[in-house]
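Work through the following exercises with the sequence and the 3D structure open beside you. Try each task yourself before you read its solution.

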Amino acid sequence: MTDNTTRLDHIVLWVSDPIAAAGFYEKAVGLEPVRLTDYSVGEAPFPSVRVNEETILDLMPRAKAERMRMLPGAAESSGHPVNHVCLSLTASDFDALRSRLEEGSVPVSDVSRDSFGARGLARRSFYFRDPDGNVFEARHYD
């Protein structure tokens, strides 16, 4: 990638069990694990899952919170997930995600229509939580 315009690179989510979280994101959400084997053998500090070729979700173990010293107060953010993260999908991937979540007995919200986002009004959207309580919205514009 040589285009250096501003874009989202990664989001760090606090999780209690990074391996279980990676399994949830792979099986229920359909995101590919990154560095999971390296994490499992102690060669990486945390695993990630790939949202697209440019963006990943880092799955940071809550146990590492006390080591977060890059900014005063960073360690205190552990256990305080963001309001929600929104994944924009194609209509068919949106439907497949909802089906996988329902098949896995993951609670999902009702479907909303015409909610505003980065690309205008989304045709449909819904919310769900990961096993650590992080809230996600799924939507599609097509």
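**Exercise 1.** Decide whether Asp 114 is buried or exposed, and state what can be said about its phi angle.

*Solution.* Note at the start that the structure is a predicted model. The relative accessible area of Asp 114 is 52%. Exposed means over 50%, so Asp 114 counts as exposed. The residue is found in strand β6, and its phi is near 60 degrees, a positive value in a residue other than glycine. As background, most residues other than glycine have a negative phi. Ser 105 is found in the loop between α3 and β6 (112-117), and with a relative accessible area of 62% it is exposed.

**Exercise 2.** Describe how many helices and strands the chain has, and in what pattern they follow one another.

*Solution.* Begin with the count, which gives 3 helices and 8 strands. Next, read along the sequence, where the pattern is β-α-β-α-β-β-β-α-β-β-β. Finally, consider the chain as a whole: of its 142 residues, 39% count as buried, and among the contacts with a separation of 6 or more, 49% are between residues 24 or more positions apart.

**Exercise 3.** Work out in what order the 4 strands of the open sheet stand, and explain why one side of β1 and of β2 is left without a neighbour.

*Solution.* The order of the strands in this open sheet is β1-β4-β3-β2, and the pairing is mixed. Since β1 (10-15) and β2 (32-34) stand at the edges, each has a single partner strand, and therefore one side of each has no neighbour in the sheet. From one strand to the next, the twist averages 30 degrees. Helix α1 (residues 18-29) packs on this sheet and touches β1, β2, β3 and β4, while its direction makes about 150 degrees with that of β4. Now look at one pair of strands in detail: β3 (residues 48-52) and β4 (residues 55-61) run antiparallel and are joined by 4 bridges. Ser 48, for example, has Asp 58 in β4 as its bridge partner.

**Exercise 4.** Describe the surroundings of Thr 55, including which residues it is in contact with beyond its neighbours within four places in sequence.

*Solution.* Thr 55 lies in strand β4. Its relative accessibility is 11%, and because buried means under 20%, Thr 55 counts as buried. When the neighbours within four places in sequence are left aside, the contacts of Thr 55 are Leu 8, Asp 9, Val 49 and Arg 50.

**Exercise 5.** Find which residues touch the most other members of the largest nonpolar core, and which element supplies its largest share.

*Solution.* This core has 23 residues, and Tyr 25, Val 29 and Phe 128 touch the most other members. At least two residues come from each of β1, α1, β4, β5 (85-89), α3 (91-103), β7 (120-129) and β8 (135-140). The largest share, 6 residues, comes from α1. For Tyr 25, the contacts beyond four places in sequence include Leu 13, Val 49, Leu 57 and Phe 136.

**Exercise 6.** Explain why the rings of Phe 24 and Tyr 25 are called edge-to-face, and name the residues of the aromatic cluster.

*Solution.* The ring centres of Phe 24 and Tyr 25 are 5.3 Å apart and the planes stand at 80 degrees. Pairing requires centres within 6.5 Å, and planes over 60 degrees apart count as edge-to-face, so this pair is edge-to-face. Phe 94 and Phe 126 form another edge-to-face pair, with 5.1 Å from centre to centre and 70 degrees between the planes. This pair links distant parts of the chain, for Phe 94 is in helix α3 and Phe 126 in strand β7, 32 residues apart. Both Phe 94 and Phe 126 are buried. One aromatic cluster is formed by Phe 24, Tyr 25, Phe 94, Phe 126, Phe 128 and Phe 136.

Definitions and conventions
Residues numbered from 1 in each chain as written. Predicted model: local features only at pLDDT ≥ 70, side-chain atom pairs only at ≥ 80, totals over all residues. Heavy atoms only, no water. Pairing = 2+ DSSP bridges. Axes fitted to C-alpha atoms, helices over the stretch in contact; angles between N-to-C directions. Contact = heavy atoms within 4.5 Å. Buried < 20%, exposed > 50% of the residue type's maximum accessible area, 1.4 Å probe, protein only. Core = buried A, V, L, I, M, F, W, Y, C linked by side-chain atoms within 4.5 Å. Phe/Tyr/Trp six-rings, centres within 6.5 Å; stacked < 30°, edge-to-face > 60°.
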